[in-house]
Amino acid sequence: NAPAFKGMQKAQWSALNTNENSACSGLSSLQMSYVNATSLSGLNSGCSEDFKPSALSHITATQFHEINPQAFNGIMPAALGGTNAPAFKGMQKAQWSALNTNENSACSGLSSLQMSYVNATSLSGLNSGCSEDFKPSALSHITATQFHEINPQAFNGIMPAALGGTNAPAFKG
């Protein structure tokens, strides 16, 4: 009963079982679409690490904005890549900073469409560990305003293919 997720509270997200039988691995995109945005500030990295690739495919920008930045440290490439592109309008600087950049870097899952929706000012939180894992096409639809706001430190990680694939008018920023 997906509408029941409207009643989920921050403390309930924080308490979800995240061991080898993580309850979070069973969450569907329909259930997540019903979640009250403010309750997502209780989401933790142990839970987000177990999301199905489609778990965030129907969330809104408001919901995405409210996700606890710490939860971004656990999110896997398939789950971030499967996120509803317009939801990226809600991404915060702290969420960019917290994205995992280990061998399962969530940043490798980002698409050019998702990046095109990102609020420019949030990109000041982007770090080189994330940018080094961009797909060659990840920056192919960003604007000059977005490009201008990218944290200078993040340029240390951008690989030649990703910089070469950047939307040419973005360099006007």
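A search of the whole structure, which is a predicted model, turns up one cavity of 30 Å³ or more. Here a cavity is a set of points, on a 1 Å grid over the protein atoms alone, where a 1.4 Å probe fits but cannot get out; points are joined across faces, edges and corners, and the volume is the space filled by probe spheres set on them. The largest cavity holds about 40 Å³ of space. Its lining, meaning residues with an atom within 4 Å of a point, consists of Leu43, Ser48, Phe51, Leu56, Ile67, Ala71, Phe72 and Ile75. Seven of these lining residues are nonpolar, one is polar and none is charged, where Ala, Val, Leu, Ile, Met, Phe, Trp, Tyr, Cys and Pro count as nonpolar, Asp, Glu, Lys and Arg as charged, and the others, Gly among them, as polar.

As a predicted model, the structure is read with pLDDT of at least 70 for local features and 80 or more for side-chain atom pairs, while totals for chains, interfaces and linings use all residues. Residues are numbered from 1 along each chain as its sequence is written, and side-chain values use heavy atoms, leaving out hydrogens and water.

The loop between helix H1 (10–15) and helix H2 (29–34) includes Asn19, with helices taken as DSSP runs (H or I, at least four residues) numbered from the N terminus. Asn19 counts as partly exposed because its relative accessibility is 45%; buried means under 20% relative accessible area, exposed over 50%, and partly exposed in between (1.4 Å probe, protein chains only). Across 27 residues of chain, the C-alpha atoms of Asn19 and Gly46 are 7.9 Å apart.

Leu27 is found in the loop between H1 and H2, and at 7% relative accessibility it is buried. Its C-alpha lies 9.2 Å from that of Asp50, 23 residues away in sequence. Ser28 also sits in the loop between H1 and H2, yet is partly exposed at 24%. Between Ser28 and Ser124, 96 residues apart in sequence, the C-alpha distance is 31 Å.

Another loop, between helix H5 (77–81) and helix H6 (93–98), holds Phe88. Phe88 has a relative accessible area of 0% and so is buried.

Together with Leu163 and Phe171, Phe155 forms a nonpolar surface patch with about 270 Å² of accessible area, an area from the Shrake-Rupley method with a 1.4 Å probe, only the protein chains shown counting as cover.

Definitions and conventions
Patch = residues over 30% accessible without salt bridge, like charges linked within 9 Å, V, L, I, M, F, W, Y side chains within 5 Å. Salt bridge = Lys/Arg side-chain N within 4 Å of Asp/Glu carboxyl O. Helix = DSSP H or I, 4+ residues; strand = E, 2+ residues; numbered from the N terminus. 1 Å grid on protein atoms, 1.4 Å probe; cavity = no way out; pocket = protein on both sides within 12 Å on 5 of 7 lines; lining within 4 Å.
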